[in-house]
Amino acid sequence: MARGLGELESTIMDHLWAIRRPASVRDVLEHLRQERTLAYTTVMTVMDKLHTKGLLKRRPEGRAYIYEAVSSKEAYTAEVMRESLATSGNRAATLVHFLERLTPEEASALDAALRVYPPGGRSS
């Protein structure tokens, strides 16, 4: 289930997606402190919220947790898009508006994706 992310949540998730490995709160904090001043407890609270939202899984290690993204950034983004479409009211109109706003690069990416996964090829 996708939910909107706040600015710090997005920054933390982007970091975890980029490193593609589990990380402790301290690891994430050290990375974030390169750009801004944050308290350990702030990062810990946000990562706990991301766990509660189902975006991070965690396992205990000593007195702390090690966190890892549940899915890829692409899978998360696709889920956000799917939920937005599902709650739009008029899916066809929403898709038309979406398609009208695609850049040429985005249209090419969509075309390539449809060649890999044709609309009629879904098996559910």
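1. Before going on, a word on the source. This is a predicted model, where local features need pLDDT of at least 70 and side-chain atom pairs count only at pLDDT 80 or more, while totals for chains, interfaces and linings use all residues. Residues are numbered from 1 along each chain as its sequence is written, and side-chain values use heavy atoms, with hydrogens and water left out.

2. On to the rings: there are two aromatic pairs (rings of Phe, Tyr and Trp, the last by its six-membered ring, with centres within 6.5 Å; planes under 30 degrees apart are stacked, over 60 edge-to-face, the rest tilted). Trp 17 and Tyr 76 make a tilted pair, at 5.6 Å centre to centre and 35° between the planes. Since Trp 17 lies in helix 1 (residues 7-19) and Tyr 76 in helix 4 (residues 73-86), the pair ties together parts 59 residues apart in sequence (helices are DSSP runs of H or I, at least four residues, numbered from the N terminus). Both residues, Trp 17 and Tyr 76, are buried (under 20% relative accessible area; exposed is over 50%, partly exposed in between; 1.4 Å probe, protein chains only).

3. Tyr 65 also pairs with Tyr 67, edge-to-face, at 6.2 Å centre to centre and 65° between the planes. Tyr 65 is partly exposed at 35% relative accessible area, whereas Tyr 67 is buried at 2%.

4. Back in helix 1, look at His 15. His 15 is buried, at 12% relative accessible area, and touches Val 28 and His 31, leaving aside residues up to four places away in sequence (contact: heavy atoms within 4.5 Å).

Definitions and conventions:
Helices (H or I, at least four residues) and strands (E, at least two) are DSSP runs, numbered from the N terminus.
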